[in-house]
Amino acid sequence: MATLDAPRIVSSRRDMADSFTWVRYLETGGYNALRKALSMFPEDVAAQVDAASLLGRGGAGFPAGRKWSMLRRSAISYLVVNGDESEPATFKDHYLVERDPHQLVEGVIIAAYALQVTQAFIFLRGEFALGLERVQQALNDAYAHGALGSKIFGSDFSLDVVVHPGAGAYICGEETSLLESLEGKRGFPRIKPPFFPAVTGLYGEPTVVNNVETMSNLPWIINNGGAAFAALGAGRSTGTRLFALAGNVKNPGVFELEMVKNTFRDIIFDPALGGGLAEGRSLKAFIPGGVSAPWFGPDQLDTPLGQDEVGALGSMLGSGSIVVMDDASCVVRATWRITKFFSRESCGQCTPCREGSGWIERVMYRLEHGGGRMEDLDLLLDLCDNIAPGLSWPPQQTTICVLGPSIPSSVHSALSMFRDDFVAHVNHGGCPHA
Amino acid sequence: MSHFRTDIRQRAEELVALYPRKRSAMLPLLHLAQEHDGYLSDEGIAEVAALTDTTPADVRGTASFYDMFHLEPVGQYVVGVCTNIACLLAGGEELLEHASRTLDCAVGATSSDEMFTLEETECLADCNLAPCVQVNHRYVRTTTPASFDAMIADLRDGRLDHEVPSHGTLIRVKRQGGLRVAKDEIAAERAQALAARTARADAAAAAAAAQEKK
């Protein structure tokens, strides 16, 4: 049975049709947190976020408080919010920007105050046309009511926020690539070190980059205190988190669950959540945290939804997206499609990723569509090993960013778990399901 | 002489003013240019270059990196069907094939009446309603071949005009006013806040040291 008694922190307005409006937001406690934050010293606001132990909700799971403290000793120039949600089957930020844009905006203002930043950017993927409209409207409302602009709510703090549209590139979710894009260039990830935009960010100046969901947690944390947030969940995984459940389940969707207190079995099978698989179908495999993550099988169903719990089993909670594949789905086809995605989205800077992704995709294509050879199975592993030597987890990196080392995850998983399916494709001269 | 209509030109100038550096307005300006011409025409690219203090080659080189920008004319409606993992498991590939038959054009091509361009997209982040379809980057929430055909008929007859504007992601994104915080005010404010914070930190450290002495 799923544990569903935790408060809804970021999705409290999910059942309200007008959740995105200024009026509804105010009626449900909106902007109280900002008023409270403005009455505190900036470093005390930051201390609450530290106390919450809020892990970044973008995918890497880096503690938000630590990201902030790297900068606290020097002046910070910019706050940039990463809303370039493009990891396949991840759709939680989409929910937040369309359904609760004011919560995001309030979170951004609170973060900007803690960091004493006077200009912030919200980078949203260009495909979120409605999300862009709603966030802009939320900003317009905030300006009109004194929550943005000069002397916010009569305080000494001033802030401008600009919503910035992306234009269709998965790689721009990588934070240094996002900054390049925000500077008006191709979205090429920057060479590391420096590892953190906190050191060298937008226009070479110290910049904090945080995810949309991370920002959306801040109003609740300020209202209720960091300790209340940290009391939820367990271990390093505190608070609640939005999980995006997709694939072969009866009831796919975005669910806010307390960290660690539920398992993959709960979210996939509980009638209040995923509702299980279609009648007569059984679970073949599932991806626990976006297509960059290694796959899990039925044996891992009882793993708790926590960052370290999933990490200990050789995968990651990543972007919070869970993809369910039933026994009627073809894992070779699924793997081919995932590698096709990476091949399309590789920015092309680094040879292992640029060449490797296309090569793997072509091999996967012929396995699925006919023409695959038995030696292709070893060839795939060899190619994967060239991109991420040793095929370990977390992967070894041969490229500037982590897109490259994400390519082998699905190929290696599918081949290890379902080698017979690959062999059947070779023997059949293509997909036996087709 | 501006290539853009007066209203688009005005919005373009407002956009440039939102950023610390002009070039940062590149992507929104390209969206605007596309809204103006339906695609990125040579004239549109030249105007964006002038607005951002770059060259047309630089603008084209940047634009070609991004999937949403069209360097050649496209149909009035760009229909995107997702076939990525969640949609694949829900029949996205089959829906794309069906769309190709309905629109009588290949994936990536434009129909002969120049009304539709069909694209295979990567994940559109709406996976609970898979397979996902967007028209001009508006979700149209159609998942079956029958509802797809009905949606296309609606588009042809103009019944979806209110939901699916012609080109332009930003066409309804209207910012009221530019930046409000004066730059010199930013500098003064930040210096003041930092000084106050340093003073508080020093006071706390001194208090801690005094405590230790006792």
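How many residues of domain 2 of chain A are in contact with domain 3 of chain A, and how many residues of domain 3 do they meet? I will come to that after the layout. Keep in mind that this is a predicted model.

Chain A first. Now the opening question: 11 residues of domain 2 of chain A are in contact with 12 residues of domain 3 of chain A. On the domain 2 side of that contact, the residues are 6 nonpolar, 4 polar and 1 charged.

Next, chain B. Here the assignment also gives a domain 1, at 6-63, a domain 2, at 77-156, and a domain 3, at 181-214. For domain 1 and domain 2 of chain B, the distance between C-alpha centres is 29 Å.

Last, a helix pair in chain B. Helix H3 covers residues 42-52 and helix H4 covers residues 56-63. Their axes come within 8 Å and cross at roughly 105 degrees. Angles of 65 to 115 degrees count as roughly perpendicular, so H3(B) is roughly perpendicular to H4(B).

Which residues make the contact? From H3(B) they are B:Ile45, B:Ala46, B:Val48 and B:Ala49. From H4(B) they are B:Pro56, B:Asp58, B:Val59 and B:Arg60. Sorted by class, this contact has 6 nonpolar residues, 2 charged residues and no polar ones.

Definitions and conventions. Residues numbered from 1 in each chain as written. Chains lettered and ligands numbered in written order. Predicted model: local features only at pLDDT ≥ 70, side-chain atom pairs only at ≥ 80, totals over all residues. Axes fitted to C-alpha atoms, helices over the stretch in contact; angles between N-to-C directions. Helix = DSSP H or I, 4+ residues; strand = E, 2+ residues; numbered from the N terminus. Parallel < 35°, antiparallel > 145°, perpendicular 65-115°, else oblique. Contact = placed C-beta atoms within 7 Å. Nonpolar A, V, L, I, M, F, W, Y, C, P; charged D, E, K, R; others polar. Domains from an automatic or database assignment.
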